[in-house]
Amino acid sequence: PQTRAMMFALNTPRGDPSKLLSLKQDLANFLLIRGPFAWLGHAWKGCSKDYPFPNEFHLDYGEPIDAICAETGVNSGIFTREWSNVKVEMNCNTWTPTMTWKK
């Protein structure tokens, strides 16, 4: 498991944080790999920029149940991690995230 603080920057066009290019993928990947100390958001682009706070950031994903993500099978390219409120999956073959809510 990750033991150091991590900053995961959202995918945006260079210099324009107002356009989130792959929010669902970014969020799923963040939840798959984050450790106990992590930040998801925007890198510094300047004071005069719009930094959106998507609705997905207001959701309660809970606490991680699994210490790290795991591949579903040998060379499957599909990674999963259980959280108390959601199961997160990323299919790296199709770049498709899936979040299955438990509540």
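Guide: We go from the overall layout to the strands, then to the helix and the pocket. Keep in mind that this is a predicted model.

Visitor: How many helices and strands does the protein chain have?

Guide: Count elements before looking at contacts. The protein chain has 1 helix and 6 strands. Read from the N terminus, the order is β-α-β-β-β-β-β. The C-alpha atoms fill a box of roughly 45 × 30 × 25 Å along the principal axes.

Visitor: Take the start of the chain. Do E1 and E2 pair in the parallel or the antiparallel sense?

Guide: Look at the bridges and the strand directions. Strand E1 (residues 6-9) and strand E2 (residues 38-41) are parallel, with 4 bridges.

Visitor: What handedness does the unit of E1, H1 and E2 have?

Guide: Follow the path from strand over helix to strand. E1, H1 and E2 make a right-handed β-α-β unit.

Visitor: Now the other strands. In what order do the 4 strands of the open sheet stand?

Guide: Go from neighbour to neighbour. The order is E3-E4-E5-E6, and the pairing is antiparallel. Strand E3 (70-71) and strand E6 (96-101) each have a single partner strand, so they stand at the edges, with one side of each left without a neighbour in the sheet.

Visitor: How many bridges join E3 and E4?

Guide: E3 and strand E4 (residues 78-82) pair over 2 bridges, in the antiparallel sense. Glu71 has Phe79 of E4 as its bridge partner. Ala70 stands opposite Thr80, also in E4.

Visitor: How many residues lie between E4 and E5 in their hairpin?

Guide: The hairpin of E4 and E5 has 3 residues between the strands. These two strands pair over 5 bridges, again antiparallel. Arg81, for instance, has Val88 in E5 as its bridge partner.

Visitor: Back to the helix. Which strands does H1 lie across?

Guide: Compare the axis directions. Helix H1 (residues 23-33) lies across E4, strand E5 (86-91) and E6. H1 runs at about 115° to E5.

Visitor: Which residues line the largest pocket?

Guide: Among them are Leu27, Phe30, Leu31, Arg34, Phe53, Glu56 and Trp83. H1 gives the most to this lining, with 3 residues. By class, the lining has 9 nonpolar, no polar and 2 charged residues.

Key: Residues are numbered from 1 along each chain as its sequence is written. This is a predicted model: local features need pLDDT of at least 70, side-chain atom pairs count only at pLDDT 80 or more; totals for chains, interfaces and linings use all residues. Side-chain values use heavy atoms; hydrogens and water are left out. Two strands pair if DSSP finds at least two bridges between them. Contact means heavy atoms within 4.5 Å. Axes are lines fitted to C-alpha atoms, for helices over the stretch in contact, and angles run from 0 to 180 degrees between N-to-C directions. On a 1 Å grid over the protein atoms alone, a cavity is a set of points where a 1.4 Å probe fits but cannot get out, and a pocket is an open set with protein on both sides within 12 Å along at least five of seven lines; lining residues have an atom within 4 Å of a point. Ala, Val, Leu, Ile, Met, Phe, Trp, Tyr, Cys and Pro count as nonpolar, Asp, Glu, Lys and Arg as charged, and the others, Gly among them, as polar. A crossover is right-handed if, with the strands pointing away from the viewer, the path from the first strand over the helix to the second runs clockwise.
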